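Hello,

I am handing this structure over to you. Please open it first, then read the notes below.

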Amino acid sequence: MRHLVTGLLATGLVMAAASPAMADGRATLEAQSDQGSVTMDVRWAGENLRMDFPDQSQAGFMLLRDGNGYLVTQVQGQTMVMDMAKLKDMAENMGGSELETMTGQQASQVDALDATGDSETIAGLEGEIYRLQWTDKNGTAHDDEVVLSDDAQVRELMSAFHDYQRTMTGEPDPIATSLEEPGLGMLRFGDRFRLAELTDASPAPDVFELPENAKSFEDMMRSAVSE
């Protein structure tokens with residue numbers, strides 16, 4: 001159970017890059033973490049966001065709606081909805097080296113963000129290359145190359161990710177905040193994150209609905225204990 005909880009939480013945190021969604025759109029993202037590579041199909045409308053994983057159907061999907069973050073997945077043939085804030089609390093109560101490693105890699109501060117004068121085109125959008133220096137919660141310093149853009153749709157997408165992250169962590173991300181202030185969004189973060197495709201397609205409203213007759217994580221735990 002500990003590996004399930006910490007693994008799902010890590011999946012959500014690795015995607016958070018930058019923060020309020022305004023319009024509609026759809027994007028394909030490529031991310032890399034210690035858990036491997038993942039492709040994400042992201043759809044958003046207003047303040048709602050949905051993230052699907054085409055190559056990992058068993059992972060379910062992540063959803064941001066009404067200011068709350070959820071993971072919808074299948075467990076033993078039963079659809080389960082997990083509140084991400086509660087999932088984080090549970091992982092913290094369980095403790096363990098996996099959680100400590102994961103949370104320690106989150107940013108605690110941005111030390112410098114400097115333009116290099118070079119540019120790079122990603123997903124048909126020209127962005128400026130920056131050098132980002134930051135420190136994680138373990139006190140380790142990092143020096144990464146990032147590609148940033150002031151494109152409105154890129155800023156909306158990154159803004160929605162930041163909103164989702166805050167439902168899990170309960171606090172803003174320093175890197176995201178440093179981008180919001182000058183009105184920038186992220187096209188690439190080193191080898192960790194890359195925008196592959198971006199359109200202004202409006203998703204159907206029902207993609208943001210929670211499934212009916214789904215069980216909560218608490219329901220599943222109570223059922224397991226009573227058996």
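Which residue is the bridge partner of V75 in β6? It is Q78. The model is a predicted one: local features need pLDDT of at least 70, side-chain atom pairs count only at pLDDT 80 or more, and totals for chains, interfaces and linings use all residues. Residues are numbered from 1 along each chain as its sequence is written, and side-chain values use heavy atoms, leaving out hydrogens and water.

**The sheet**

Twelve strands make up an open sheet with mixed pairing. Their order is β7-β8-β9-β10-β11-β1-β2-β3-β4-β5-β6-β12. Strands (E, at least two residues) and helices (H or I, at least four) are DSSP runs, numbered from the N terminus. Two strands pair if DSSP finds at least two bridges between them.

β7 (107–122) and β12 (215–216) stand at the edges. Each has a single partner strand, so one side of each lacks a neighbour in the sheet.

Some pairings to look at:

- β4 (residues 61–65) and β5 (residues 68–75) run antiparallel, joined by five bridges. L64 stands opposite G69 in β5.
- β5 and β6 (residues 78–83) are antiparallel too, over six bridges. They form a hairpin with two residues between them. Q76 in that turn has a positive phi of about 55 degrees.
- β6 and β12 pair in the parallel sense over two bridges. M80 has K215 in β12 as its bridge partner.
- β1 and β11 are antiparallel, over six bridges. L29 has L195 in β11 as its bridge partner.
- β10 and β11 run antiparallel, joined by two bridges. F189 has F193 in β11 as its bridge partner. This hairpin has three residues between its strands. G190 in the turn has a positive phi of about 50 degrees.

**The cores**

A nonpolar core is a set of buried Ala, Val, Leu, Ile, Met, Phe, Trp, Tyr and Cys residues joined through side-chain atoms within 4.5 Å. Buried means under 20% relative accessible area, exposed over 50%, and partly exposed in between (1.4 Å probe, protein chains only).

The largest core has 44 residues. Those with the most contacts inside it are L29, V42, L49, L157, F161, M186 and L195. Helix α4 (residues 152–169) gives the largest share, seven residues. Another core lies apart from it, with eight residues, including A45, F61, V72 and F208.

**Aromatic rings**

Rings of Phe, Tyr and Trp (its six-membered ring) pair if their centres lie within 6.5 Å; planes under 30 degrees apart count as stacked, over 60 as edge-to-face and the rest as tilted. By this rule there is one aromatic pair. The rings of W134 and F189 have centres 6.4 Å apart and planes at 75 degrees, so the pair is edge-to-face. W134 is in strand β8 and F189 in strand β10, 55 residues apart. W134 is buried at 2% relative accessibility. F189 is buried at 8%.

R50 lies over the face of F61, at 3.6 Å from the ring centre. The rule here: NZ of Lys or CZ of Arg within 6 Å of the ring centre and within 35 degrees of the ring normal.

T135 is in strand β8. Buried or exposed? T135 is buried, with a relative accessible area of 13%. Not counting residues up to four places away in sequence, T135 touches Q106, A107, S108, Q109, D111, T140 and A141. Contact means heavy atoms within 4.5 Å. T135 and A107 are 28 residues apart in sequence, yet 5.8 Å apart in space, C-alpha to C-alpha.

Best wishes
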